[in-house]
Amino acid sequence: MGPFMTRMCEPTTTRTDAAARGLVLDTVSISLGETCLVDLTCTVTPGDVVTIVGESGSGKSTLLACIGGFLDPIFTASGRILLNGTDITRVPARERRLGLMFQDDLLFPHLSVRGNLLFAIPADVARRRDRVAIAEAALEDVGLAGFGSRDPATLSGGQRSRVALMRTLLSKPRALLLDEPFSKLDPERRGRIRSLVFAKARREELPVLLVTHDESDAKAAGGPILSL
Amino acid sequence: MALFPPLLTIVLIVPVLAGLLGVLLPSFGYLPWLGFDRVSLDPWRSLLETPGLAWSVWLSLKSGLLAAALSLAVVALFLAAFHGTGPFRVARRFLSPLLSVPHAAAALGLAFLVAPSGWIMRLVSPELTGFERPPDYLVVHDAYGLTMTAGLVAKEIPFLFLMALAALPQIDFRRDLWIASSFGYGRIAGWLFVVFPQVYRQIRLPVFAVLAYSVSVVDVAIILGPTTPPPLAVRLVTWMNDPDLSLRLQASAGAVLQLLVAALAVGLWLALERGIAALGRLALQKGWRFAADRVLRIFAFAAMFTALLAIAVGLALMAVWSVAGPWRFPDAWPAMVSFRVWTGRLASIEAAVAATALIGILAVLIGIGMVLAALEARNRASARNPLSRPLVVALYAPLLVPQVAFLFGLQVVFLRLGLDSTLTALVLVHLVFVLPYMVFSLVEPWKAWDPRYAVVAHALGHGANSVFWRIRLPMLFRSVLTAAAVGFAVSASQYLPTLLIGGGRWATTTTEAVALSTGGNRRLIGAYALMQMVLPFIGFLLAAALPAIVFRRRRGLWVHS
């Protein structure tokens, strides 16, 4: 659907299995005024990737913002979002525990690589030594051992992506929302980072919702492809 | 949280409104706290009977309009002729340091430069002029206020230049310029016809602020302006400080008159806007291309750099004077260096520096807290614009209403509250002038901050407080410090608020420098004026150095300029 077409959100009759594990979108529709941008029902089971493709301006990012709990108040949304059987539609963003990744890595520039990772580790890991150990292990896991004290600005694009991925995973998310996270990488790195992300998600049994306009991303994801 | 934006609005608007009421009532004879409780027209009658009043009003109106129009014209022409070129980059480099120089210091420097015994005359004497002693020309304090106007123009050019530069990135002017030049319009004409109207729309309020300031200026007028009679605002301050309390009623009526004069100036300015717009349309209809604009280019170049150099050289001269030993008239340089002023008057200079720093630091600390709290409150309320509409009005109120017009009344209010001459009152009144500039300085970087950092931080499980303190504030550290430095510079440069609300009991570098300007001790004036510049300079130095030190290993936060 192009940005200038107008479509009303019509009630759909599809029923979803609300009790299913994973991320369930139950007749989620988002409108801007009278214009319907998104109208979607789908289930993302743990470890699977559902890809949503669409032109720019089709509301892909708006959908992710809605699921993540950051929808700009100029939009109106209806329907239910369920995570592992719990309705999270009205839960504030920081309690949803959904891992978000954008095309920019958005590493906090005033913190070191380690600082970025420490910021993500949940507060229930209380001892500083444990937190640092977790961060170091995460860096080692993606081949960045010893990078902890580095300035994020001195890392290469691929290295930054890996740090951003580990930062997201360390926050113990219950699902991943990926907003074209590979589109700024060069083709060679792109494939490697992509497989890394999907492998991690599968290992941690995370449902993944990927929005992209790139066909190779969609193909690599290997799951169902929905078009907006 | 939600209370902070209205609180900020109230802190700005209440003093202005209370102050206006505090001159309006006394102007009709009602000032019961000083024993005047009979309503009458006497204050107005005695005001209007004051000899030379019409001339004072005329001086204020004329110098104000001329100063605003000339400084805007120079900025517009200079941008048109030189934007993006070498001279433009040089001028921009000078800009920020000159902007932080208090009006009084700039005016004093100018006086040191152009007075008959000033440095320019010394440079060319006796070789070119034959003068062995200073000639008896009335350059400074000239009866028509030309030197005063020149001083205002020189000081307002950096301000309007900066405002215009801030407006430019929001305009897609390059394409517009290409189109204009492809039609055969000269560089200046293309700018003035196509780009300038868009810039002007955005800097209109700052231009009005310059206008309101210039028609009611006190410190620059005392230093450079006519004395027989002086402009209206200066006379009002004299009456206000007179031991004869009944003159206060007359001064209050004068303050209302000053407000009317400022309103008239704005009215005339609006008419001028229309006239110029009509001329522009006429030129477009006739298809004039103004391709030959060399004379205008030369004028713009000369005017801009004369203004910048005059302030810069004037400031340097004051530094030289403060350490000058014997310095006879036609000599270009003092015969020897002497630190007598610095050693002999150290105690009083130190006291003035300490008072300036104390008031400024308190106002900035309170102010920056209020500004950040208000911006963050709007952010948490998901407001589209970081500044509410009432707040924008409140921010401009103290800049558009002439200081004299409401400070007299505010003094009465503080007197009534038993707060007159206290540090509390001084910090409060400084806040009224400091807050707008801090908001203007901080709001653009605040808006430009990428909100996705907050989204990521929330998704990582952090709440609003954590995002503010641990992510947004550190990332905006540099901008916050710059806003604080701007606020401090504004506080340090306040003359009238410090004089009136401080009741003469708080001597800052600015009040001392202006008070000394009527005497002839150039070494002492130089010392105070130098400290006037040094304090804001230290503020800006810290604002630049601290982030560079704290974040020396964080390249992503370095500003590329």
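**Exercise 1. Determine which way the side chains of strand 8 of chain A point, and whether the strand is enclosed or open.**

Solution. 
Step 1. In this predicted model, V208(A), L210(A) and T212(A) point one way from strand 8 of chain A, while L209(A) and V211(A) point the other way.
Step 2. The residues on both sides are buried. A residue counts as buried if 20 or more other C-beta atoms lie within 10 Å of its own.
Step 3. Strand 8 of chain A covers residues 208-212, and five of its five residues are buried, so the strand is largely enclosed by the rest of the structure.

**Exercise 2. Identify the strands that pair with strand 8 of chain A, and the sense in which they run.**

Solution. 
Step 1. Strand 3 of chain A, residues 49-53, is parallel to strand 8 of chain A, and five bridges connect them. Within this pairing, V49(A) has V208(A) as its bridge partner.
Step 2. Strand 7 of chain A, residues 175-179, also runs parallel to strand 8 of chain A and is joined to it by four bridges. Here the bridge partner of L176(A) is V208(A).
Step 3. Helix 6 of chain A, residues 187-203, belongs with strand 7 and strand 8 of chain A to a right-handed β-α-β unit.

**Exercise 3. Describe the backbone angle phi and the exposure of T27(A) and of K172(A).**

Solution. 
Step 1. Most residues other than glycine have a negative phi.
Step 2. T27(A) has a positive phi, near 45°, although this residue is not glycine. T27(A) is located in strand 1 of chain A, residues 23-32.
Step 3. T27(A) has 17 C-beta neighbours inside 10 Å and therefore counts as partly exposed.
Step 4. K172(A), likewise a residue other than glycine, has a positive phi near 55°. K172(A) is found in the loop between helix 5 (157-170) and strand 7 of chain A.
Step 5. Because K172(A) has 16 C-beta neighbours inside 10 Å, K172(A) counts as partly exposed.

**Exercise 4. Locate the cis peptide bonds at P126(B) and P229(B).**

Solution. 
Step 1. Most peptide bonds are trans.
Step 2. The bond between S125(B) and P126(B) is cis, with omega about -5°. P126(B) lies in the loop between helix 6 (119-124) and helix 7 (146-167) of chain B.
Step 3. The bond between T228(B) and P229(B) is cis, with omega about -5°. P229(B) is in the loop between helix 10 (219-224) and helix 11 (232-240) of chain B.

**Exercise 5. Decide whether the radius of gyration of chain B agrees with that of a compact globule.**

Solution. 
Step 1. Chain B has 561 residues, for which a compact globule would have a radius of gyration near 24 Å.
Step 2. The value for chain B is 25 Å, so it agrees with the globule.
Step 3. The C-alpha trace of chain B spans about 70 × 60 × 55 Å along its principal axes, and 49% of the residues of chain B count as buried.
Step 4. As for its elements, chain B contains 24 helices and two strands.

**Exercise 6. Characterise the side of chain B that touches chain A, and report the predictor's scores for the complex.**

Solution. 
Step 1. The contact involves 20 residues from chain B and 22 residues from chain A.
Step 2. On the side of chain B, the elements that give two or more residues are helix 19 (452-459) and helix 20 (464-475) of chain B. Helix 19 of chain B gives the largest share, six residues.
Step 3. By class, this side of chain B has 10 nonpolar, six polar and four charged residues.
Step 4. The predictor gives the complex an ipTM of 0.87 and a pTM of 0.90. For chain B the mean pLDDT is 91, and 99% of its residues reach 70 or more.

Methods. Residues numbered from 1 in each chain as written. Chains lettered and ligands numbered in written order. Predicted model: local features only at pLDDT ≥ 70, side-chain atom pairs only at ≥ 80, totals over all residues. Buried ≥ 20, exposed ≤ 12 C-beta atoms within 10 Å, placed from the backbone. Pairing = 2+ DSSP bridges. Right-handed = clockwise from strand over helix to strand, strands pointing away. Rg over C-alpha atoms; globule rule 2.2 N^0.38 Å. pLDDT = per-residue confidence, 0-100. Contact = placed C-beta atoms within 7 Å. Nonpolar A, V, L, I, M, F, W, Y, C, P; charged D, E, K, R; others polar.
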